[in-house]
Each structure stands twice: as C-alpha cells, then as structure tokens.
Amino acid sequence: MDAVLEVRAALGSTRILDDELSDDVLMTRIMQSDAAALEILYDRHASMVLGLALRITGDQTLSEEIVRETFWQVWRSAGTYQSGSFSGWLFRIARSLALDA
C-alpha cells in the first residue's frame, strides 16, 4: 500500500479508496480518533452484525440497537484491539451484546 500512496502523492492525489484500506488499517485510524474510518467499517460490517443479532434476538428493533451499540463499543474499545481478525473481534462484541439483550 505504501507504493500506492507514493504514486498518488507524486500525481497529486493522496485520496485512498475505502476498499483499499484493510480493517486493521482502519482500526489504527480509529485509535487516532478518525470517525471516517469507523464509518467505513460500519458500511462494511453492519449488515453482518445485524444478521447475527437477528438470529440471536429475533427482534428487528433490538437488533438495530445492538448494531449501534456494537460500533460504539468498537470506537470506545479500539485500544484493546490486537491486529488479526477484526471480524472475529467485532462478532464477539455483537454476540455478547445480543446475548445480554
């Protein structure tokens, strides 16, 4: 990815497409209080979190609240994330919230 950034900088364009950023890179940016990175992760994973919450709770409204709370926890707990499987970490948060609900 550094080579891509260098080429874009040389061409005068440092904008990176959302799809080019890994979940780990986005988490690093969230640790630096980058709300746009959280939005990208939300767009990528919210539907899967909703599906998980729906399977556990069977309630649409409650599941939507669980999605919101899950991503709030991602924001608040970003410092505890260790590089690796973001989706596994995310789903553990969502599953725990859904079971508690």
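These are my notebook entries on a predicted model of one protein.

**Ground rules.** I number residues from 1 along each chain as its sequence is written, and my side-chain values use heavy atoms, with hydrogens and water left out. As the model is predicted, local features need pLDDT of at least 70 and side-chain atom pairs count only at pLDDT 80 or more, while totals for chains, interfaces and linings use all residues.

**Elements.** I looked up the make-up of the protein and found 5 helices and 0 strands. From the N terminus on, I read the order as α-α-α-α-α. Here helices (H or I, at least four residues) and strands (E, at least two) are DSSP runs, numbered from the N terminus.

**Confidence.** I checked pLDDT, the predictor's confidence in each residue, from 0 to 100. The mean for the protein is 86, and 81% of its residues reach 70 or more. Helix α4 (residues 60-76) has the highest confidence, at a mean of 97, and helix α1 (residues 2-11) the lowest, at 48. Over residues 1-5 I found pLDDT below 50, and this stretch has 5 contacts in the model beyond near neighbours in sequence. A contact means heavy atoms within 4.5 Å. Residues 11-15 also stay under 50, with 4 contacts beyond four places in sequence. I keep in mind that where pLDDT is low, the predicted coordinates should not be read in detail.

**Whole chain.** I noted that buried residues (under 20% relative accessible area, with exposed over 50% and partly exposed in between, 1.4 Å probe, protein chains only) make up 32% of the 101 residues. Of the contacts between residues at least 6 apart in sequence, 50% join residues at least 24 apart.

**Helices α3 and α5.** I then looked at helix α3 (residues 35-57) and helix α5 (residues 86-100), whose axes come within 10 Å and cross at roughly 40°. Axes are lines fitted to C-alpha atoms, for helices over the stretch in contact, and angles run from 0 to 180 degrees between N-to-C directions. The two helices are therefore oblique to each other; angles under 35 degrees count as roughly parallel, over 145 as roughly antiparallel, 65 to 115 as roughly perpendicular and the rest as oblique. From α3, the contact residues include L41, M48 and L52, and from α5 they include F86, L90 and R95.

**Residue S63.** I found S63 in helix α4. Is S63 buried or exposed? S63 is buried, with a relative accessible area of 0%. Setting aside neighbours within four places in sequence, I listed L50, A53, L54 and T57 as the contacts of S63.
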